[in-house]
Amino acid sequence: MDIGDWRPLLRMNLSFAGCGFLAVYHLGVAKAMMLHGRKFLTNVQRFAGASAGALVAAVLAVGDSDMQALEVFYY
């Protein structure tokens, strides 16, 4: 059986908790995923989050290959 046959089984959902002070942590995770986890992100079917987590989930859902989407949150 080819690995392509298992592709639907590899789909997953990714969610971020809602908590204001965790926003910096969530952004770090998102940045690490965009830099080192592209293969992982291609298997994510849906992104979800609450409060600050929803902002980071939205960035990952619509973000492009560079980090411009995350720069909005930097000081």
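I began with burial: 27% of the 75 residues of the chain count as buried (under 20% relative accessible area, with a 1.4 Å probe and protein chains only). The model is predicted, so I note its terms: local features need pLDDT of at least 70, side-chain atom pairs count only at pLDDT 80 or more, and totals for chains, interfaces and linings use all residues. Residues are numbered from 1 along each chain as its sequence is written, and side-chain values use heavy atoms, with hydrogens and water left out.

I next looked up the fold. The chain holds three helices and two strands, taken as DSSP runs (helices H or I of at least four residues, strands E of at least two) numbered from the N terminus. Their order from the N terminus is β-α-α-β-α.

I then examined the largest nonpolar core, which has eleven residues, among them Leu14, Phe16, Met33 and Val56. Such a core is a set of buried Ala, Val, Leu, Ile, Met, Phe, Trp, Tyr and Cys residues joined through side-chain atoms within 4.5 Å. Strand S1 (12-16), helix H1 (23-36) and helix H3 (52-62) each supply at least two of its residues. H1 gives the largest share, four residues.

His26 is buried, with a relative accessible area of 5%. Leaving aside neighbours within four places in sequence, I find His26 in contact with Phe16, Ala17, Gly53 and Val56 (heavy atoms within 4.5 Å). A polar atom of the His26 side chain lies 3.0 Å from the backbone oxygen of Ala17.

Terms used:
Buried < 20%, exposed > 50% of the residue type's maximum accessible area, 1.4 Å probe, protein only. Polar contact = N/O pair within 3.5 Å; in protein donor to acceptor, adjacent residues only side chain to side chain.
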